[in-house]
Structure formats: C-alpha cells, structure tokens
Amino acid sequence: MISLKNLMNEIHQKAEKEAENNAEETSRRAFVKGSAAAVALAPGMMLFAYGSKEAAARPLAEAASDKTRWGLLIDAAKFNDEDVDRCVRACQKENGWQDNGRPKTDAQWIRRVNLHNKKTKESFSLPMMCQHCDEPPCVDVCPTGASMKRKDGIVLVDKHICIGCRYCMMACPYKARSFVHEHLEDQKDYAPRGIGTVESCTMCVHRVDDGRQPACVEAAPPGAMVFGDLNEPTSKLAQLVRTVATQQVRADLNLDPGVRYRNI
Amino acid sequence: MKTVFNLKKHLVALFAVLLLGTGLQLTIDPAGAQPAWMPSPPKALPGTKCDADPKWMRTWHMRKLDHKRDQTVRDGIRTKKFSLKRCITCHAVKDESGKFLTVKDERHFCRSCHDYTAVRIDCFDCHASRPDSKKGQGAMLKNNPHDKTGRSSSLKPGDKTVASLQKYLAGETK
Amino acid sequence: MAETFRQLRNYDNKFNILLLLHVAMIAIGLGAACYMEHNGHIVTGMNNQVVWGLPHVFAVFLIVSASGALNLASASSVFSKLDYKRFARLSAILAIALLVGGLAVLLLDLGRPDRLIVAMTYYNFQSIFAWNIILYTGFITIVGVYLWTMMDKTVTKYNKYAGWAAFIWRIILTTGTGSIFGFLVAREAYDAAIMAPLFISSSFVYGMAFTIWVIITMCQATGQRLLTSAISEKLRVLMIIFLAAMLYFTAVHHLTNLYAAEHIGLERFILCSGSEFTWLFWGGHVLIGAVLPMLILSNAERGSSHFGLISSSVMMIIGGISHMYVIIVGGQSYPLSLFPGYEVSSSFQDGQFAHYMPSMPELLLGLAGISIAMFMTGFAMKLLPFLPTPVKEQ
C-alpha cells in the first residue's frame with residue numbers, strides 16, 4: 001500500500017523545486033541559443049537564433065523593462081499565400097481563436113493581406129497584425145487604460161479593465177483589433193480572451209516571457225520573419241534594421257511600429 | 001421622539017425574527033453537521049498546499065488574484081504564486097465521467113460559495129475554468145464532493161493513477 | 001418681470017397615456033439591452049469593421065441635443081434675454097434628461113456594461129473619451145446646481161454664475177463629443193478639427209427641436225398657451241439662424257475634405273456613391289433636417305404657428321439622426337488606407353466598404369434612450385414647478 005498523501009507530498013515538493021529552477025533553466029536555454037547559430041530540436045526542425053540577447057527570458061519575478069524593445073521584421077518577398085496562411089494557422093492554434101465562418105464578426109489576430117500594385121500589376125501577400133507601435137493610438141484613446149503598452153514595447157489589452165467601448169478599434173490604423181462578439185469556453189490558459197472585450201496580437205507575450213519566439217515566426221519560412229530586441233545592437237533584428245531597407249506601414253503617421261517590413 | 005421609539009421597536013422585532021429563524025434553521029440540522037444551506041466547496045487535491053492559509057484565502061483570495069493579474073498582464077511578472085491557473089490546478093474537480101467540471105456546473109469549486117454569497121465571478125468570461133485536459137494538469141484524481149468514495153487515502157500500487165504519478169516523479173513525464 | 005412657475009396639474013389624460021407609452025418603450029429597450037448583453041454583440045448588426053452602430057448614433061445624438069437643450073436657459077441667464085426666462089427651468093431639466101438618456105444608451109451598448117464601476121474608477125487622462133465621461137457627469141451636476149439657483153429663492157443671487165458655468169460647460173462638452181470624431185488620424189472621416197464646431201452648431205439645432213417638442217407637448221397636455229406670439233416669432237428666427245450655421249459648417253467640412261486630394265475618395269463615397277449614406281446625407285441631413293424646416297420657418301405666419309414649429313422640430317430630429325448616422329456609421333464604412341497605391345484585399349474586409357445592417361434590438365435600445373429623456377422630463381414636470389404659467393394674451 002502506498003500512502004497517497006506521501007506520494008502527493010513528494011509531487012508537490014518536486015513541482016516547487018521545478019518552479020524555483022525555472023528562471024535558471026530559461027536563462028540557460030537563452031545561453032544555448034546565444035552560443036549556437038541554430039539548434040536542432042528534432043529531425044527536420046531547426047530553431048534559429050541569432051545574437052547574444054535574442055529572446056532571452058527574464059527571470060519569472062522580474063518585470064518587463066524598457067531596456068528591451070521587442071520587434072519583428074517581415075520580409076514580404078519570402079512569403080507566398082500559403083506561407084502567410086501557415087502563420088495564421090499557427091497563431092490560431094497557439095492562441096485559440098478560429099474561423100467560425102462568420103468573417104464579419106470573427107476575431108483575426110493576424111491575417112493575410114493581398115496587395116496588387118495598380119501600376120506595375122504585381123501581386124503579393126503579407127501577414128498583417130498589431131504593429132506594436134511605440135506611440136499607439138489605441139493606448140491614447142482608451143478611457144480606462146486597458147489598452148496598454150508594456151515597457152518592452154508589446155501592446156496589449158488588459159481585459160480585466162476593458163469595458164468593451166471599441167474606441168481603440170476606431171483609432172487603430174492597421175485594423176489589428178477584434179471585438180469578441182460571443183461567449184467563449186476553454187480558452188488557452190496563457191491566452192485568455194472573452195466576450196465583450198477587445199483583443200489583438202500579443203506578440204505571443206507568454207512565449208516571449210518564456211524566452212521563445214512568437215508562433216507565427218516559428219511557422220514562417222526561414223528568415224521571412226525575424227523576431228528580436230530592437231534595442232540590442234547585436235541582435236540579428238537590430239543588425240538587419242540597421243543595414244537593409246525596411247518599411248513601416250503608414251510611416252506617415254509617425255507611430256514608430258515595432259513591426260517592420262521589407263520588400264513591399 | 002415618537003418616531004425614534006417606533007423605529008427602535010421595529011428593529012428589535014426584526015432582530016428577534018432573524019434570531020428565531022436562524023435558531024430554527026440550526027435545530028433542523030443534525031447536531032455537529034454543517035447546516036445544509038451553508039456552502040460546501042469541494043476540497044482541493046489531497047496533499048497539495050495552498051499559497052496561503054486556506055482560511056485567509058477564503059476571505060481574501062480576490063485581493064491576491066487582482067494583484068497578481070495586474071502584475072502579470074501589465075508588468076509581465078510570471079511567478080506562479082497566487083495565480084488563477086494555480087488555483088485551478090489544485091482545486092479543479094472531475095465529474096463522474098472523469099471530465100473536469102467547468103464553471104457552468106454548480107459543483108465547480110468556485111460556484112458553491114459564489115452562488116451562496118451571490119457574487120458574480122468575472123474570471124471565467126475570459127479564463128478557462130478548468131485545466132487543459134490534454135496536458136493533464138490539475139487534479140489527477142477523482143475528487144468529487146458528491147462521491148464519498150473518491151477520497152480514499154490509500155491506493156494500490158497497480159493503480160493507473162499511481163503509476164502515472166510515479167512516472168512523473170521519476171522524471172519520465174512532465 | 002417676475003416669472004411664476006407651477007407643477008403640471010389638470011392635464012389631459014392623453015399625457016398620462018404618452019408617459020405610459022414611454023415607460024413601455026423603456027422596458028422594451030432594456031429588454032433589448034439584456035438580450036444583447038446576454039448573447040454578446042453577435043446578435044447586433046455591428047461587427048469588426050463597423051464597431052459603433054445605431055446605439056452610438058442615438059447616444060451621440062441625444063448627448064449633443066442635451067447641450068443644445070440648454071439654449072433657452074443660457075439665453076436668459078447669460079445673455080439676459082428675459083423673454084426666455086419662462087422656459088429656463090424646462091430647458092435645464094430637459095438638458096439633464098437628454099444627457100441621461102444618451103448616456104444610458106451608450107453604457108448599455110458597451111461590451112461589458114457590468115463594468116460601469118471600472119469606467120468610473122480607472123481613468124486614462126490622455127483619452128478624450130475619459131474626459132467625456134467627466135464632462136457628462138459634470139454637466140449633470142452643474143446644470144443641477146443651476147436649476148437649484150433658479151428654483152430656490154435663497155440662492156438666486158448665484159443664478160448668474162451658475163448660468164455662466166453651465167453655458168461654458170456645455171460648449172466644452174459638445175467640443176469634447178465632437179473631438180471623439182475629430183482626431184483619429186488613421187480614419188479619413190474622423191481627422192478634421194472642424195468636427196467640434198460642427199457638433200456645437202448641430203447641438204443648437206437638435207436641442208431647440210427637443211425644447212420646442214416638449215413645450216408644445218405641454219401646451220397640448222394642459223390645453224393652455226405657453227408661447228406668446230412674440231416668443232414664437234423669436235424661436236422661429238433663432239431656428240433659422242441655427243440651421244444656417246449648421247449647414248455652413250457641414251458645407252465647410254465637406255468642402256475642405258474635397259480640397260484635400262487624399263480625402264476625395266471618402267467624399268465621393270459619402271456624397272455621391274449612391275450608398276445609404278448618400279441618401280441619408282442629402283435626403284435626411286440636408287433636405288429633411290435643414291432645407292425643409294427652413295422653408296417652413298421662413299414664412300413668418302406659418303413658421304411661428306404651433307404646427308410650423310412642431311413639424312420643423314420633428315424634421316430636425318429626423319435629420320439629426322441621419323446626420324449622426326452618416327458621420328458615425330458612414331465614417332467607419334469607408335476602408336482604411338493601409339498601403340496607398342495598392343489594391344488591398346483580405347479575409348478581414350481590408351479595402352472594402354464595410355456593410356452594416358442595424359438590428360432590431362439596437363433600434364429599440366436607441367429609441368428607449370429618447371423615451372428615457374422624454375419620460376424623465378414629463379415626470380419631472382409633475383413633481384416640481386418647472387412649467388411656466390400660461391400666457392394671458394390672445
């Protein structure tokens with residue numbers, strides 16, 4: 001006979017120990033990423049990581065700081081329609097939203113935008129989501145402060161105090177936000193979303209805090225999406241932004257988005 | 001003066017009625033047992049330890065949850081202590097068919113007291129009210145308050161649950 | 001000249017029926033709000049493209065009207081036009097009632113109306129929306145105090161100050177409401193500072209329309225004359241001036257947009273695409289809401305008659321709702337320009353004109369907002385002396 005109580009006590013102790021080790025573990029993981037250009041996780045699956053401070057997880061108890069400015073560089077030339085759709089599906093799977101067949105009211109955190117140049121007749125597509133502006137209009141207009149920018153530049157909705165007024169959706173130049181029109185159940189525990197509140201791309205903040213990359217970045221073709229810290233000069237992202245021609249969508253609005261594009 | 005006197009009289013009468021009512025309620029129930037009208041939330045997973053004294057938590061859990069939610073969303077502090085997820089991990093209960101109950105079921109661990117006090121729970125409009133069953137988090141044992149046999153304190157070594165727990169301890173699963 | 005006021009007594013039974021109808025409308029509207037809150041906004045016509053629908057149209061219309069309803073009170077206290085003092089109390093209570101009606105609709109259309117306490121305890125002072133919450137509650141307080149100085153002889157000496165405060169506050173309030181639609185840089189329809197003066201001039205028109213509606217309803221209910229022919233004449237001229245001012249700002253708004261090359265697409269969409277907004281703009285806002293009332297009012301005899309005043313008021317109210325619909329829904333229906341020079345399409349209706357079809361619950365909620373305002377005003381008349389004594393002249 002095994003005492004259930006003893007078994008449970010052991011489990012509890014182990015769980016606590018794991019929690020304590022978590023911070024250590026994540027920084028170790030970041031170190032592994034930093035030292036190698038690419039780490040093979042499984043056959044046919046590679047995790048690309050660049051620079052020393054790429055996606056380094058903070059200790060669990062440490063608040064996000066403004067020393068970091070998370071950003072993304074999206075190379076439109078490396079995407080075809082199917083690639084973009086794969087990113088969309090990865091986001092859906094990760095964050096638990098889906099196409100319910102009601103395109104007018106269904107949430108879309110990330111979407112495929114098809115562009116057709118009227119003059120050159122050239123057509124291509126790219127992924128479009130919250131651009132994580134440094135001067136976000138949605139944060140400006142929110143009456144309660146639910147629409148917020150984290151110190152590290154990630155723009156989020158604090159659904160705890162969102163009253164569902166939808167003024168942020170009026171203010172967003174990128175149509176990045178969706179309103180939850182109906183009751184939801186069994187959301188992902190790291191991506192809560194619910195009726196009557198506004199939501200948008202979180203840059204997979206739960207992954208970023210864990211030292212991982214956003215789901216869409218992992219699903220994108222190699223090099224098509226580069227995630228990293230714009231404030232860290234040695235990061236691949238900062239190097240690229242410094243050296244290649246990048247574009248901001250609606251740059252005329254001076255919102256300084258964290259998401260940049262190439263080859264539009 | 002007259003109105004004041006009347007008011008007092010009424011208050012005394014009201015108090016007496018309330019007292020009488022309470023007394024009747026108490027006498028109806030068998031001695032020693034908790035009155036049937038009191039909430040009886042299901043017990044947490046045996047062997048687990050709460051982040052604070054359970055008595056204190058019963059009264060003040062909302063403060064801790066509020067504080068924790070602001071820390072997590074606004075600052076990105078992701079410690080596990082006092083997080084809603086952690087509450088659910090130990091307190092979630094399964095029904096007869098072995099599925100975790102959602103907050104729609106009145107046997108859900110939050111419902112009993114919240115129904116009793118008529119306090120609406122806001123959390124589960126956005127948060128899942130049960131652990132993700134695929135990941136196997138949360139109570140791994142049947143812990144149904146309506147099923148008295150589910151709380152045995154010892155198990156046989158060959159039991160499936162015990163085997164999975166031992167595997168976890170051995171580090172084979174997460 | 002000392003004015004005497006009275007409570008509403010000895011009225012036609014039809015007035016009670018009218019009040020009951022308003023109560024029924026309010027009950028239906030609240031039911032509709034419960035239905036929407038219970039099921040979520042999926043049961044409305046609103047969607048991720050047109051996020052503000054009919055309830056906002058009604059709410060903004062009522063809030064703008066509230067500020068304008070204070071016209072007659074301001075005229076007597078601030079501009080010393082003592083002829084209007086008879087209607088100062090009525091005009092102030094109507095202003096409060098209209099604002100309450102508008103706020104009720106606005107609140108009940110939130111995604112989380114149950115979080116009213118959050119809206120009142122968390123403020124982001126950068127947000128014009130948050131400022132508006134303060135402006136609205138402040139308006140109710142200040143006009144309440146203003147009413148007090150009108151009705152309590154011991155504080156009459158402060159009436160002038162309260163009148164000024166209320167006047168200044170109402171101008172700020174309408175500026176604030178207009179600014180909600182004035183500084184959204186990304187939306188072509190809502191990037192014009194002229195929205196604030198446009199809203200102020202509109203508020204004069206819609207507020208006057210409601211005031212006249214209430215005064216004439218009171219005449220009907222009591223069977224007595226409340227308007228002297230001199231006041232009727234003045235009201236007639238005032239309304240023409242206000243209508244002209246509103247048309248002027250509407251014209252300037254659209255002409256400046258036409259002057260800016262990048263806004264021509266938007267103006268074409270609103271003014272001549274043949275969409276519902278074209279019809280509502282020209283037919284509702286311009287024709288029914290301004291030109292026809294001006295034609296009726298321009299004739300001195302017809303325009304100052306009860307019939308002339310009430311028919312033009314009703315038209316102005318219909319025009320006002322059309323006007324707000326064009327601004328609020330029309331502005332959102334025009335697609336955002338994400339990539340200038342490109343044709344854009346997506347599963348999220350990028351690059352398309354958005355479609356919005358109002359649903360019945362939204363309409364019922366909006367109408368209930370008007371009923372709240374009207375019921376509050378009518379019921380207040382019974383409770384306290386807001387009503388002027390009848391005029392003696394023939």
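A contact here means heavy atoms within 4.5 Å of each other. With that in hand, let's look at chain B: among its contacts with a separation of 6 or more, 51% join residues 24 or more positions apart.

Before going further, a word on how to read the model. It is predicted, with local features needing a pLDDT of at least 70, side-chain atom pairs counting only at pLDDT 80 or more, and totals for chains, interfaces and linings using all residues. Residues are numbered from 1 along each chain as its sequence is written, chains are lettered from A and ligands numbered from 1 in the order in which they are written, and side-chain values use heavy atoms, leaving out hydrogens and water.

How is chain B built? It has five helices and one strand, arranged from the N terminus as α-α-α-α-β-α. Helices (H or I, at least four residues) and strands (E, at least two) are DSSP runs, numbered from the N terminus.

The pLDDT, which is the predictor's confidence in each residue from 0 to 100, averages 74 in chain B, and 63% of the residues score at least 70. Where pLDDT is low, the predicted coordinates should not be read in detail.

Now for the surface. Of the 174 residues in chain B, 31% are buried, meaning under 20% relative accessible area, with exposed being over 50% and partly exposed in between (1.4 Å probe, protein chains only). The accessible surface of chain B comes to about 11800 Å², and carbon and sulfur atoms account for 62% of that. Leu11(B) lies in helix 1 (residues 2–28) of chain B.

Most residues other than glycine have a negative phi, and most peptide bonds are trans. Cys204(A), however, has a positive phi near 50°; this residue sits in the loop between strand 10 (198–199) and helix 5 (205–209) of chain A. Asp256(A) also has a positive phi near 50°, and its place is the loop between helix 7 (236–243) and strand 12 (259–262) of chain A. Is each one buried or partly exposed? Cys204(A) is buried, because its relative accessible area is 7%, whereas Asp256(A) is partly exposed, because its value is 27%.

Conventions. Accessible areas come from the Shrake-Rupley method with a 1.4 Å probe; for residues, only the protein chains shown count as cover.
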